[in-house]
Amino acid sequence: MSAGRRWLAAAFVVVIAVTVSAALVRPSQSVTRTLRSTTASVGTATFVCPSVSGNGDRFATDMTIANLSRQPVTASYTALGPVHTPLRGRVHPQPSVVVHRTTPGAAVAVTATGPGAAGLAVSQVGLVPAGKYRGSSDIACAAATADLWFAGADGRIGTSDVLFISNPGATSANVALSLWSAAGPVSVPGVNSINVPAHAYLAKSIGDLAPDRQWVAVHVHANSGTVAAAIADSHVNGIRPAGGDWLPPTLAPSPSGVVTGFTGGARVDVLHLANPGSRDATVSIRIVTTTRNFVPAGHQSVVVPAGHTTSVNLSGAIGGEISGVAYTSDVPVVAEAVTVRHPTRGFDELAWLPSQPPLVSPAAFATTTPPFNQIVRLILTAPLGAIDVEVRAGSGKAVTVHVPSQRSTWIDLRAVFGAGATGPGPILLTPLGDQPVYAERLLYAAGAHGPLLAEEAATVLPRATVLPPTVADLRVVTRR
Amino acid sequence: MPPRTRRLRFAGHAVTAVVVAHDGARWLDDLLAGLAVQSRPPQRVVAVDTGSNDSSPAVLAAALGESAVIRVPRDASLGAAVQAGLDAFGGAPAPPGIDQDAREWVWLLHDDCAPDADALERLLQRADASGSIVAVGPKVLSWDRRHLVEVGVTVDSSGGRQSGLEPREVDQGQHDGVDDVLAVGTAGLLIRRDVWDSVGGLDRTWAVHGDDVDLGWRLNAQGGRVVVASDAVIRHAAALTGGLRSSDATSLPRGAAARLHGMQLVLANTSRWLVLPLALRYPVESILRAVLGVLVWRSPARARDEVVAIAALVTRPHVVISARRRRAQLRRRPHHELRPLLAPASWRWRRAADVIAGAFAGRDALAERRRRRAPVETGPVADEAESFAVDDLGVVARFFTRPGVVVVVALTVLALVADRALFGDVLHGGRLLPAPGGASDLWSDYLAGWHSVGLGSTTPTPPWVAVLALLSTVLLGKAWLAIDVIVLGAVPLTALTAYVALRPAVRRWPVRAWATVAYAMTPVLTGAVAGGRLETLAVLVLLPLAIRASVKALGTPATGSGLHRCIAAGLLLALAASFAPIVWVTAVGVLVVTTFVFAGAPLPKRLLRASVLVAVAPIVLLPWTAHVVTHPRLLVSGIGVSDSFAVRRGVEPLELLLAHPGGPAQPPLWVWGPIVVAAVVAVAFARQLARAGFIIFAAGLIAAVVQSRLAAWSAVANARYWTGATLAVAAAGAVLAAAVAADELPRALARRSFSWRQPAAAIVAVAAVAGVATAAVAWLTRGADRPLTSASASVLPVFAQAEAAAPTAPRTLVVRGGPVLRYATLRTAGVHLPDADLDAPTSRSAPLRLSAAVADAAVGRNQALGELTEFGVRLVVVPDRADASLARLADVDGLTRVPATTTVVYRSTMSAGEVVLLSGKDATTAASGALLPSTAQPVAVNATAGHASVDVAAAATTRLVVLAEPHSRAWRATLDGHRLPATTAYGWAQAWRMPPDGGHLVVSRSEPGRAAWLVVELIAVVVTLLLAVPGRRSES
C-alpha cells in the first residue's frame, strides 16, 4: 500500500471514529443546571381589620383571632392610629380569642410571629342592633397588598360608603385610587398620590369621591408599600335603616370568577360588574344552585362597556335558592354581589359577596358565632366538578362535605358539629380534590326588627412562600 | 609631482588638489594613478597624512615627493587636515600655465577614492559655466563602479544624511542632470578657495560625519551654488562608512557621532523658528529609535548610539548655540529658499518603511520594495515580460488588480450588505456586551486587581482585554470601533489573513481566492457574527497567520535553530489563545502529531521547536494561564455573557463534521461537505502541507466533539458550549488541505489516464464552489444580525441612569421574570465589555444572599428591603413592563414605584449606597450577621465603587461602617489616618467599627498582587518579542 493510500485510510478511520464517537456520547441530562423553587415558611403573618370599633350599647365589634395550626402562637394586635382607649394587646389564641370593642377604635393590625403564624385567621363582626345603621357586618381581616378592587359601592344620597385604607407597614405607603361608575370612569382630582402614614389608616367617603354615582368600582393601588382596604357600606332609606355590611375586596380583574353565598329567602340578589379595561366586555353568567346550574333567562350575556360598571339583577333567576354565580368574560372584569333581605316586617339587611379565587389550600373562618345565637351556615359551590371538602372545627372534630359537580351545597355548622349557641368556633376548610370550590360563611338571625345578615369569604391561610429560582445573568441588562 | 607648464584648458582656474590619507594605503595607488592621468590636471597637489599606521605616508611621498606630504596628528579632522594642506601653499606664486588672475579652487580627495581621468576637467567645466557656483561635486560610484554612492547629498529634519538613492542602486545615468544640491561629499569636492576661506572650510565641530553637509548648507546659505557635475566620476570605497577603517577624529562611536552631528548641524543651520520644535522632538525621536533599535533590529549598539547622541546633544547645547552664532554672520539667503534642497519627509518615511519591512517581513520583502522603486533594467527582455501589462499600471491600479485585493474588497462589500442592520448604535446582543467608553476603560479593567462588577471580583482580567485595549488605542481610543472592526469586519479580515497565509502554499490564485472565500464564509464565522462571539471571530482572523507561521517555523530545514520563528508562531498562537484557550490545547495536539509524523529536521530539534512554540502562550499570558488551569471551564466557555445556545441533545455529529456549530446564521448543512471531502481525499496525493491541514482539521473536530459533549454551566436550559473556536480550527485545516489539493489536482490528474477520478474531482470542485456561493447568498439574505443588534442597549430609563451616578454610588437591581428569575446588579448605567468575564464573585455567601434578596423581593416579602439595602440597591428595574410575575415587587414595604414609560421601576425608601453608616440597634443587628431589618436607618455616604473619602460627623455611639462588598482582608478603612478594626456585617459584607468621634473616613483596597503579575507578564512579552525578531543581518 502506498503512502498516499495509507494516509487516505487513516483519514477515513479518524473521521468515522470521531463521528461515531460523537453519536454515541451524548451530553447527560444533568448538563442543565437545575434551578428549583424553594419555600420560605411563614414566619410572620399580619392581618388588618378595617375598623374595630364600638359605641356602647349601640354598636360593638368582635375581632376574632383564631389559631388553626397545631402549634401555639402569640398574636399581638395594635390600633393603626390614635384611639381614646387602649386597643392593643397580646393574645394566645387556642383556638381563638375574641376582642370585644364597644368604644371608638380604629383599624387594627394583628401580627403573629413564629411557626403558628401559618394558622392565623382573623375576622371582625360588627353588630348595630338598632338605629339608623342597624345591621350586622362581617369581614375577614386580610393581609396588606398592593392592589385591591371593589365593585358595587355607591356615591348617591342614601348610601354611606366609606373606604378605609390601612397601612400596617413600618414605612408610609402611597396609594392611587381609580374609580368607575355606570356613567364611566370617575375623574377625581388628588387621588393619584395619597399618603398613608406608617401604622395608620385613613377613610375616604365614596360620596365625596364619586358623588351621585352608582355602582361605583374602586381600584386601590399602592404606588409604594402595601395597604389593606375595605368599604363600610350602610344604606338608609330616609330615616329607615336599609342594612349595612363591609364591602370586602374582590378578585382583581379576571376573565372568570365565582361569587357564592346567595342565600334563600325573600330578597334581591344583584351582581355588580365593572370593566376597567379599554374594550367592551361581554360577560356570560351561570347560576349554580343546590339542584341545578343554568344561564339566567334574560342575562345570557351582559355587555359591560369599557370603563363602565353595570349591575345584573339575579333575584328572579336565583329564586331563593342557596347558590353561587359563575361568570366568564372576554375581557377581565371585576365582580362583586350583594344579597339584600326585604323582610315583610322590619328593616332591610344586606350582605356583600366577593368574587373569590378557588380554594386550593386550607382556608378558614375565624368565627362561626351567629348573631343572637341563631344560624351559621357554610355555603360551598363547585362550578365545574364534584369535590369533597374537609371541614374541621377548632375542637378537632371534622366532617367531609361533598359538593356535587356544578352544584352548590351548604351545611349548618352548629348542627354538623353539635355545637352550642356560639357555634363550633373557628373552622378550617381543606379541599380534598383538584376541582375548584368556593366557600362563604353565613351568619343570620331573624329578629323582631328584621333579619341580621352577614357573610364572609373564607380566609386562605398564610402559606409557605414559594421563592422562585433565581440566577445572576448580565443579559437582563441589555435590550433583547 | 611638479606643476605642468603647458597651456591648460580652463586656464582661468587654478586647482589645488588636497589628498587626505588615513590608513588608506590599499587604495592610494588607484587614487594617485587617477590623479596622474587627469586630462585637466590640478596645478598643485598636496597630501596630508593624518598619522596613518600603514604605508600611506611612504606611498604618498614616493608619488608626490616628500615635500608635498604634510603630516598632522592622527586625531585631526578632515577639515583640519585640508586646511593644513592648503596652508602649506601659503604665499606660493601662481602656478605656470594659467592666467594670472585665475580663480583658485581646492579639490578634496580622500585616500579611498579614485577619480576618472576627466573628472577634474568635467568639474571645472561645470564650475566655469556659472560664476555663482562655489562648489562642484562629482558623481560618486562604488569602488567596483557597479553602484551609485552619491550624486549630491542632503539631510532630513532628523539629521539623517540622505543621498536620495536606493541602496546599491545601479548607475544607468538615471541621476545624471542633477544640478543644484544642498551639499556634495568631500571626496572629489571642488570648492572655490576664496569661499573656502570665507566660510572657514569644514567645520571641525563635526569631524568625520556631517561636515560635508554642513559645508554645503553654509555655502548655499551664503548665496553660493553647490552643484553636481554628474559627468565627473570618481570611485569611492567609503572605507569609513563601510567600517573598513575607523576614525580617530571623534571619541564617540561611529553611529553616535553620525547621529549627533546630524542633529547638531540641522539645529545649527535651520531656521531659528524650527530650532525649538526640533530640540523638543529629538529626545522623543531618539528614545523611540532606541526602543525600536532594541525591539525591531535587536541591535543594542543602535540603541546605545541613539542614547549617547541625544545625551551629548542635550548636555552640550553650546555647540549648537555657537555654531548658529557663527552662521548668522554669513547667512545671505533665508531658510525657505533652501528648503527645496533639503530631503523631503517622504524619504524618511520610506526609509522607516524599509526598516519595518526588513525587520518583520524579511529581507525578501525589503528587496521587493526596493526592486519596485529601482529603475527598470534596460535592454532586451523576454516577450512575456513585455506583454505583462500590469507593470505598466500605477501603484493604485496595480494594487487593486491583485486577486487577493479583489477578493477582500468583494467580501468587504458583501459584509457591508449583510451587516446592513448593524449600523446604528453600539453593537451588542448574543454574547456580546456593549463596548465601554474608550480604550482607557479597557486598560483600566486590564490593570485593575479588583473589578467593580456585580458583587466585586478579583478574577484576573483575561488577556484579550489587553489585546482589545491595544487595538482600541490604535483606533484613537475608540473601543466601539475596535469591536466594530472585529465583528463587522470579520469576513474581510478573515479573508485577508487567509489569503496572505495561503499565498506561499497555493500557487494558483483562483484556488487561493476560492479557499479564502470558503474560509471567510464558514458557518462558524457567520454564526459567530450573529451571536456576538468575539473569541471565535478573533480566532478565525488569527488562525491562518498562526498556522502559516507554525508551518514555517517547524518546516524549516535542519540548519539553524529557527527558534525565533517558533517564538513568533507561538506569539500568534498566544494571541489566538488569549481569546479562546482551547485553541492552544488543540494546537498542542496538532504539534504532537505533526512532530512525530512528519520528517524533516532531526527529531530532537523538531521536539525542541514544537515545545518552544507551545510554551510561548502559557508564558506570555501569565497570570491568566494559572487562572485557566484552576478554572478549566474557561477553556471552553468563550467570551461574554452566558451562552444562550441551547440544544437538548447536543450538536449532531454530522453538523460538527461539516463545521456547523449550531445557533443562528447557519447556512445549509451541505455547503461544507465538498470541502471536507476534498480535505480527506487530499491526504492521498497532495503535498505534506495538505496532510498537515487534515491533521489540523481532525484535531479541531475532535476538540469540538469533546467540547460539545461537556456539561455546560449556564442559566439557559439545555445550554451547550458553542464549538465555534474548535470548529474554526477544523475549518482552517480543511480549507488548507482542500486548497493545497486543488492546487495540485491538475498536475496529479494529468499523470493519470481518464477514469472516474477526473469526473469525481470535477463534481467535488463544482460542489465546493457552489457550496461557498450558497453560504454567501444565505448570509447575504439573512443578514448578519440577530441576536446581534445595534439597537439602544440600556434598559434603564434615563432618570435611573442618572441615579446610578449619584454620589453615594447606589446600585440598581435589574430583574426579569419567568420560570427562573434572572437578575443583575448594576453599579453604573449599564454593563460593558468585559464585565461578564470579570463577574466572578469572591464570596460564596454574598451571591446566595443577593439571590435570596431577589427572590424575597419578587414575592413581595418585606424583608427584601433590608436585604437589598445590604447590597447598596436603591433602584429595582423590571425591563418588561408586562412582566406580571414580578408584580409583587410592589408588595415590598419601602419599594416605591416610580413612573416610567417602558419599564417598571421601584425606588427604595431606605438610604442605600456603596458605604453606609449603621448605628445603634441596626449596627448590632448587622454585626451579628442577621438581616438588615426593614426598619433600619442606614446613612449612605459619598463613595465610589470600592472607595470612599468623606468627612463623618461625630455621633453618640459607636457606629458600623459597612461597605457593600464581600468581606476581604484587602479592604481597609481609616479614620483620620487611624485604621479601624474590621468586622463583618450581615454575615458577608466588609465592615469596620467606628468610634463615636467624627473625622475623615477613607475606605480603600490594596491589591498589590496584580501589579506584580503584570510586571512579570510585561517582561515575558517583551523578552518573547525580542526573541521572536530575527537577528540583524548585514545587507552586504
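Student: What should I know before reading the numbers?
Tutor: This is a predicted model, where local features need pLDDT of at least 70, side-chain atom pairs count only at pLDDT 80 or more, and totals for chains, interfaces and linings use all residues. Residues are numbered from 1 along each chain as its sequence is written, chains are lettered from A and ligands numbered from 1 in the order written, and side-chain values use heavy atoms, with hydrogens and water left out.

Student: How many helices and strands does chain A have?
Tutor: Four helices and 37 strands. Both are DSSP runs numbered from the N terminus: helices are H or I with at least four residues, strands are E with at least two.

Student: And how much of chain A is buried?
Tutor: 56% of its 480 residues. Buried means under 20% relative accessible area, exposed over 50%, and partly exposed in between, with a 1.4 Å probe and protein chains only.

Student: Pick one residue in chain A. Where is A:Thr61?
Tutor: A:Thr61 is in strand E3 of chain A, residues 60–67. With 2% relative accessibility, A:Thr61 counts as buried.

Student: What does A:Thr61 touch?
Tutor: Beyond its neighbours within four places in sequence, its contacts include A:Val52, A:His100 and A:Gln124. Contact means heavy atoms within 4.5 Å. A polar atom of the A:Thr61 side chain also lies 2.5 Å from the backbone oxygen of A:Ser53.

Student: New topic. How many aromatic pairs are there over all chains?
Tutor: Nine. Rings of Phe, Tyr and Trp (its six-membered ring) pair if their centres lie within 6.5 Å; planes under 30 degrees apart count as stacked, over 60 as edge-to-face, and the rest as tilted. One of the pairs is B:Phe871 with B:Trp988, stacked at 4.2 Å centre to centre with 10° between the planes.

Student: Where do those two sit in chain B?
Tutor: B:Phe871 is in the loop between helix H36 and strand E14, B:Trp988 in the loop between strands E23 and E24, and they are 117 residues apart. Both B:Phe871 and B:Trp988 are buried.

Student: Why is the pair of B:Tyr986 and B:Trp988 called tilted?
Tutor: Because the planes of B:Tyr986 and B:Trp988 are at 40°, with the ring centres 6.1 Å apart. B:Tyr986 counts as buried because its relative accessibility is 0%.

Student: Which residue lies over the face of A:Trp410?
Tutor: A:Arg377, at 4.2 Å from the ring centre. The rule asks for NZ of Lys or CZ of Arg within 6 Å of the ring centre and within 35 degrees of the ring normal. In chain B, the charged end of B:Arg533 sits over the ring of B:Trp722, 4.1 Å from its centre.

Terms used:
A polar contact is a pair of N or O atoms within 3.5 Å; within protein, one must be able to donate a hydrogen and the other to accept it, and residues adjacent in sequence count only if both atoms are side-chain atoms.
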